[in-house]
Amino acid sequence: MNRNINQFVAALASGVVFGLGLSLSGMLNPVRVQGFLDVFGDWDPSLAFVLGGAVVVAFIGVQVMKRMQHPAFDDSFHVPTSRRIDAPLVVGSALFGLGWGIGGFCPGPAVASLSVGLPQTFLFVIAMLVGMTLYDRVWSRRT
């Protein structure tokens, strides 16, 4: 196998594992996410446990990455290097949070939820893709 096929298979396997994790944790249900964000109502803390587990897994992954010369199927790791907090970061974070709170999805669970086949999920993913395309065409080309 050449490197591109290995990268594709690794990305596909990672996506499948991520989707299974989201499904097993119940995070494909936007009501659970909205329940977590409803801190003054009927608060559902289950998302906090999922986030905590993700932090532990990411911490271990970063420690392993620091000991490696390069990834298995690429020449270098592609990690963000900027530590600057600027207006695009703040505005993008606010828009992400608003979309997450309104729709009950962030991008990963939204795509994984397409397997459920709910019309609301398709609408959310279409709106998300329109927003991503708009950002790419308008804002990211300015910088």
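**Entry 1: starting point**

Is Val-91 buried, partly exposed or exposed? I looked it up and found a relative accessibility of 34%, so Val-91 counts as partly exposed. The cut-offs I use are under 20% relative accessible area for buried and over 50% for exposed, with partly exposed in between (1.4 Å probe, protein chains only).

A note on the ground rules before going on. This is a predicted model, in which local features need pLDDT of at least 70 and side-chain atom pairs count only at pLDDT 80 or more, while totals for chains, interfaces and linings use all residues. Residues are numbered from 1 along each chain as its sequence is written, and side-chain values use heavy atoms, leaving out hydrogens and water.

**Entry 2: the whole chain**

I counted six helices and zero strands. Helices here are DSSP runs of H or I with at least four residues, strands are runs of E with at least two, and both are numbered from the N terminus. Along the sequence the pattern reads α-α-α-α-α-α.

The C-alpha trace spans about 50 × 40 × 30 Å along its principal axes. I noted that 17% of the 143 residues count as buried. The accessible surface comes to about 10800 Å², and carbon and sulfur atoms hold 70% of that. These areas come from the Shrake-Rupley method with a 1.4 Å probe; for residues, only the protein chains shown count as cover.

I also checked contacts, meaning heavy atoms within 4.5 Å. Among those between residues at least 6 apart in sequence, 45% join residues at least 24 apart.

**Entry 3: back to Val-91 and its patch**

Val-91 sits in helix α4. Which residues make the nonpolar surface patch with Val-91? I found Leu-95, Leu-98, Ile-102, Leu-134, Tyr-135, Val-138 and Trp-139, and the patch covers about 800 Å². Two elements give two or more residues to the patch: α4 (87-103) and α6 (119-139). The patch rule takes residues with over 30% relative accessible area and no salt bridge, joining nonpolar side chains (Val, Leu, Ile, Met, Phe, Trp, Tyr) within 5 Å and like charges within 9 Å.

I then checked the length of α4. The expected span is 1.5 Å times one less than the number of residues. For the 17 residues of α4 that gives 24 Å, and the end C-alpha atoms are 24 Å apart, which agrees. Just after α4, Gly-104 takes a positive phi of about 80°.

Gln-34 is in helix α2 and is partly exposed, with a relative accessible area of 30%. What does Gln-34 touch, not counting residues up to four places away in sequence? I found Gly-101, Ile-102, Gly-103 and Gly-104. Gln-34 and Ile-102 are 68 residues apart in sequence, with their C-alpha atoms 7.9 Å apart in space. A polar atom of the Gln-34 side chain lies 3.0 Å from the backbone oxygen of Ile-102.

Arg-32 is partly exposed at 29% relative accessibility.

Ser-46 belongs to α3 (residues 46-67) and counts as buried, at 15%. The Ser-46 side chain makes polar contacts with the side chains of Arg-32, at 3.2 Å, and Asp-44, at 3.0 Å. A polar contact is a pair of N or O atoms within 3.5 Å; within protein, one must be able to donate a hydrogen and the other to accept it, and residues adjacent in sequence count only if both atoms are side-chain atoms. Leaving out residues up to four places away in sequence, Ser-46 touches Met-27 and Arg-32.

**Entry 4: the other salt bridges**

Asp-86 pairs with Arg-84, with the closest N and O atoms 2.9 Å apart. Asp-86 is partly exposed at 24%, whereas Arg-84 is exposed at 59%. Asp-136 and Arg-137 meet at 3.8 Å, N to O. Here Asp-136 is partly exposed at 33%, and Arg-137 is exposed at 52%.

Terms used:
Salt bridge = Lys/Arg side-chain N within 4 Å of Asp/Glu carboxyl O.
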